[in-house]
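The sequence and the model are shown first.

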Amino acid sequence: MTAAIECLHAHKSFREPADGEDRANHRGRGLASLRVLDLVAPRKVRVDAVKDVSFQVKKGEIFGILGPNGSGKSTLIRLIATLLTPDSGTVTVFGRDVVCDRLEVRRCINRVSVEAAFFKRLSALENLEYAARLYGLDAREGKRRAEDILERLGFLHKKMTVPLENLSRGMQQKVAIARALMTAPVALLLDEPTTGLDPVSKREVQDFVLEVRETHDTTVILTTHDMQEAERLCDRIAVIHGGEFVALDTPQNLKARFADGDGRVPTLEAVFFRLTGSNVDDWMREQGE
Amino acid sequence: MFDKMKSSYALVQRNFNMVRRDIGWELVFIVYEVVNVLTIGFIGVNGPKETMNERVLYLVAGALLWGFLSALFHEVAESVAWERWEGTIEYSFMAPQPRGVYMFGVCMWGILYGFVRTVICLAAVTLMFRISLAGANLWAALLTLAASSLAFIGMGLAAAVLPLISPEKGSPATHIFQALVLLVSGVYYDVSVLPAWVRPFSYVSPATYTLRAARAALLEGAGLRAVAPDLVMLLVLGVVLIPVGFAVFSAGERYAMRTGKLKRNG
């Protein structure tokens with residue numbers, strides 16, 4: 001059976017400004033290595049964001065990706081979303097290559113990013129109408145679908161004409177989810193969709209993701225920092241660290257792998273700390289950055 | 001085809017809604033532009049009274065045409081910078097539409113927006129200076145404006161690549177480009193006054209032909225036959241610049257996708 005989403009040896013690196021250590025190493029090589037250009041343009045080094053990542057997501061599966069900040073989660077999502085081209089390897093969505101068949105892939109997918117990306121001075125309805133037309137939907141039909149989803153997510157009807165800059169982040173995120181689902185995508189990329197939501201809103205969004213999977217057989221890739229969310233929603237979870245997958249299994253199997261001698265299974269959070277080699281203090285510090 | 005047009009219309013409707021929401025700022029920009037055109041027009045009031053109408057019309061035509069062309073260029077060239085600033089670039093560029101559909105919508109909005117602003121300025125100028133357009137050939141002037149829109153869309157498409165490949169420096173660079181076109185195109189003076197080494201640049205600027213043909217139509221009542229060489233030149237520039245601009249933009253988009261620059265700021 002063809003996988004809904006497949007990554008084979010996907011690799012992506014970026015050129016980023018060198019940090020102090022890199023510059024010091026470079027200076028150590030002597031005066032010959034100094035460039036006048038360094039005075040105006042910072043030296044850059046190549047940083048691997050995603051390293052040789054391979055995985056398959058089955059149709060109708062909710063596939064979680066967990067990882068610390070800067071571990072490569074969003075880069076991976078952006079590769080699948082056709083916003084980045086892989087340096088090597090292939091990424092396919094329902095058998096279509098994200099580089100060669102970009103438009104066909106875009107017809108299958110939609111994405112909710114961690115930042116609610118909207119024209120914030122426009123209202124929810126105006127933003128949704130724009131999205132509906134741009135994505136080739138009938139504007140009225142798109143609006144009707146979006147209104148249904150927003151009502152289902154507990155979004156007050158009277159707030160639909162209020163500029164989004166005057167709404168809370170939670171409300172904005174609900175609009176982002178409605179916008180993504182309005183196009184009835186067969187694959188949904190959720191990049192930390194519940195970050196910043198209150199517990200009730202978070203629960204509503206999670207319930208809705210499960211409902212969408214049940215009713216539409218939608219394939220979902222979800223990145224999150226919320227271990228409870230991952231455990232509740234995901235059929236399988238991959239842990240990414242330093243751009244590499246360090247584990248991929250069902251939540252139960254991941255926990256069972258780190259069970260102690262008495263058979264006591266740790267929490268998913270504890271498993272995460274073990275796999276990423278970090279401790280609670282590191283984690284808290286990273287989240288605060 | 002009709003479906004694609006509807007998708008392009010999304011951009012027109014979105015920008016119209018943005019203008020409606022920011023109507024206060026729009027009024028500020030229009031008042032500033034009207035005052036700017038009037039100020040330039042008053043320069044022409046100096047001098048012999050018999051030729052005042054021609055002088056004022058010469059300057060005002062330059063200011064109005066430049067107002068239209070620069071608004072069109074700005075809307076097209078800054079479309080990417082604007083999406084990036086709003087944080088919507090990824091969502092808009094992920095839409096399952098060929099990039100031409102998006103850019104066509106941006107261009108349609110640019111023409112509409114520039115035209116409305118120019119008409120408002122024209123009304124203010126007509127009231128203030130009581131300019132006589134009795135001998136003017138308005139149809140030839142309008143046709144010139146339409147032909148020049150194509151070339152400016154092409155230039156705008158090419159310039160829009162700058163904010164795409166350089167998130168921080170791209171937008172200022174488009175303003176420098178726009179300023180250089182203003183300098184070499186004879187907006188307020190004849191290009192013959194330019195230093196010899198600058199003059200060749202005026203030959204490749206579509207604004208030079210636009211201004212020459214439009215002024216001939218407005219000041220001398222020149223007909224289509226008289227302005228035909230400039231119209232042909234504008235059409236040739238448009239036919240060349242639109243595909244070139246689109247190819248440059250597409251190459252820039254591929255580069256942005258390879259280097260990770262197709263994303264919001266911050």
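1. The model is a predicted one, and the remarks below should be read accordingly. In chain B the secondary structure consists of 12 helices and zero strands. The C-alpha trace of chain B spans about 60 × 40 × 35 Å along its principal axes.

2. For its 266 residues, the globule rule gives a radius of gyration of 18 Å; the value for chain B is 19 Å, close to this, so the chain is as compact as a globular protein of that length. Of the 266 residues in chain B, 46% are buried. When contacts in chain B between residues at least 6 apart in sequence are considered, 79% join residues at least 24 apart.

3. Helix H7 of chain B covers residues 138-159, and its 22 residues should span 32 Å at 1.5 Å a residue; the end C-alpha atoms lie 31 Å apart, which agrees. H7(B) is mostly covered, with 17 of its 22 residues buried.

4. The largest nonpolar core has 152 residues, and the members touching the most others are Ile80(A), Ala178(A), Ile221(A) and Val60(B). Helix H3 (residues 52-77) of chain B gives this core its largest share, 16 residues. Leaving aside residues up to four places away in sequence, Val60(B) touches Val37(B), Ile40(B), Gly41(B), Val125(B) and Ile131(B).

5. The contact draws 24 residues from chain A and 28 residues from chain B. On the side of chain B that touches chain A, helices H1 (2-21), H5 (89-93) and H12 (224-259) of chain B each supply at least two residues. H1(B) gives the most, with 10 residues.

Note on methods: Residues are numbered from 1 along each chain as its sequence is written. Chains are lettered from A and ligands numbered from 1 in the order in which they are written. This is a predicted model: local features need pLDDT of at least 70, side-chain atom pairs count only at pLDDT 80 or more; totals for chains, interfaces and linings use all residues. Two residues are in contact if their C-beta atoms, placed from the backbone, lie within 7 Å. Helices (H or I, at least four residues) and strands (E, at least two) are DSSP runs, numbered from the N terminus. The expected span of a helix is 1.5 Å times one less than its number of residues. A residue is buried if 20 or more other C-beta atoms lie within 10 Å of its own, exposed if 12 or fewer, and partly exposed in between; C-beta atoms are placed from the backbone. A nonpolar core is a set of buried Ala, Val, Leu, Ile, Met, Phe, Trp, Tyr and Cys residues joined through C-beta atoms within 7 Å. The radius of gyration is taken over C-alpha atoms; the globule rule is 2.2 Å times the number of residues to the power 0.38.
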